[in-house]
Amino acid sequence: MAVGFLTAFLVAGCERGYFRADSISYGRLEMNRRVKKKKRRKILVMDIDGTLLNSQKRIGAATKKAIIKMQKKGHKVVLASGRPTTGVLPIGRELQLEKYKGYLLAFNGAYIVECGTGEVIWSVVLDGSVIPQMYDFAARAECGLAVHVGNEAISAFEPDDYITMEAYMNGMPVRRVENFVDFVKFGVYKCLMTADPARAAVLEKQLQERFPDDINVSRSAPYFIEVMPRMVDKAAALDVLLKKIGFSWEDTVVCGDGYNDVSMINCGKVGVAMGNAQPEVKAAADYVTKDNDSDGLVKVIRKFII
């Protein structure tokens, strides 16, 4: 109503010679630009390890500053990680996601939470029949196997270096249990299997071929095999989140470095691979930025967000 009155006032002023038509047109153009600019909110979706964090597992000072700045301007941040919730929450707090109402996708998207309110937006667990199947497979393959509950990593066997490293990254202890299948009677968002990179690639393929209708399998790192509920990956989880909060894929800039980031990079309006990303990730991306030790996300934020 106010805009209509202003338009009528300006038109009348032109007719009576109080204003120049060209100046009015310019004013309208500038006003429209400001309105459009104000409405153009975007969502920056980031993997954590190898993308947001540098090799020292820290957020670079320039990266942190740029992320907080874009949130102040009204843009949203989503952390999308294979990590358990315990390993994602401290990073969200460091980036002030509670203040700016950002979102966390943990367990490759099997668990989504809004940081400001703590509302759980989506939660999907593996079917109970999958646990003994994964245990038998891991025992035969002689690879690592762990699940997460609360603030603990539960290992089926003597923890290998990869299980130990993953637990350390997430700030949680590892506990080996004797009767793993009997012990795991709680909801499991993800099974983590571990092996040396060459062996892990073989095991990943075997799992995909043996259980095509029961699980979704991908690697977050060359030595981490992530076993998820069948319809869960980062892209599927983001699709649920975007619909829930009234955004679309057209609003997204998606950044990652690992194999499990490819699905969401393929769906994002702008899919970004870090300079340190796996070759398959770079091939899927629209844009390749600097590596995670060179604040590659800063370049992305400046180019595509603000």
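**Entry 1: ground rules and the covered helix**

I call a residue buried under 20% relative accessible area, exposed over 50%, and partly exposed in between (1.4 Å probe, protein chains only). Helices (H or I, at least four residues) and strands (E, at least two) are DSSP runs, numbered from the N terminus. The model is predicted, so I noted that local features need pLDDT of at least 70 and side-chain atom pairs count only at pLDDT 80 or more, while totals for chains, interfaces and linings use all residues. Residues are numbered from 1 along each chain as its sequence is written, and side-chain values use heavy atoms, with hydrogens and water left out.

I began with helix α13 (residues 296-305), which is mostly covered, seven of its ten residues being buried. I listed the buried ones as Gly296, Leu297, Val298, Val300, Ile301, Phe304 and Ile305. What do they pack against? Taking contact as heavy atoms within 4.5 Å, I found β1, α3, β12 (252-256), β13 (270-273) and β14.

**Entry 2: nonpolar cores**

A nonpolar core here is a set of buried Ala, Val, Leu, Ile, Met, Phe, Trp, Tyr and Cys residues joined through side-chain atoms within 4.5 Å. The largest has 37 residues, and Leu44, Leu52, Leu79 and Val253 have the most contacts inside it. Helix α13 gives the most to this core, with six residues. I then checked Leu44: leaving out residues up to four places away in sequence, it touches Met70, Lys76, Val77, Val78, Val253, Cys255, Val300, Ile301 and Ile305. There is also a second, separate core of 28 residues, which includes Val130, Ile215, Ile225 and Val227.

I count two strands as paired if DSSP finds at least two bridges between them. Eight strands form an open sheet with mixed pairing, in the order β5-β4-β3-β2-β1-β12-β13-β14. At the edges stand β5 (120-123) and β14 (287-288); each has a single partner strand, so one side of each is left without a neighbour in the sheet.

Inside the sheet I looked at β2 (residues 76-80) and β3 (residues 103-106), which run parallel and are joined by three bridges.

For directions, axes are lines fitted to C-alpha atoms, for helices over the stretch in contact, and angles run from 0 to 180 degrees between N-to-C directions. Helix α3 touches β1 (43-46) and β2, and its direction makes about 135° with that of β2. Helix α4 touches β2, β3 and β4 (111-114), at about 155° to the direction of β3.

**Entry 3: the six-stranded sheet**

Another open sheet has six strands in the order β8-β7-β6-β9-β11-β10, again with mixed pairing. Its edge strands are β8 and β10 (215-221), each of which pairs on one side only. Neighbouring strands are turned by 30° against each other on average, direction ignored.

Strands β9 (residues 191-194) and β11 (residues 224-229) pair in the antiparallel sense over four bridges. Met193 stands opposite Ile225 in β11. Helix α6 (residues 130-141) packs on this sheet, touching β6 (144-149), β9, β10 and β11; its direction makes about 5° with that of β9.

Is Glu204 buried or exposed? At 13% relative accessibility, it counts as buried. Beyond its neighbours within four places in sequence, Glu204 is in contact with Val217, Ser218, Arg219 and Ile225.

**Entry 4: salt bridges**

I searched the whole structure for salt bridges (a side-chain nitrogen of Lys or Arg within 4 Å of a carboxyl oxygen of Asp or Glu) and got twelve.

- Lys64 and Glu94 have their closest N and O atoms 3.9 Å apart. This pair links distant parts of the chain, with Lys64 in α3 (residues 61-72) and Glu94 in α4 (residues 85-94), 30 residues apart.
- Arg176 and Glu158 meet at 3.6 Å, N to O. Arg176 lies in β8 (residues 174-176) and Glu158 in the loop between β7 (152-155) and α7 (161-169), so the pair ties together parts that are 18 residues apart in sequence. Arg176 is partly exposed at 43%, while Glu158 is exposed at 59%.
- Lys243 and Asp239 come to 3.1 Å. Both lie in helix α10 (residues 234-245), four residues apart, about one turn of the helix.
- Asp47, Lys234 and Asp261 are linked in a network.
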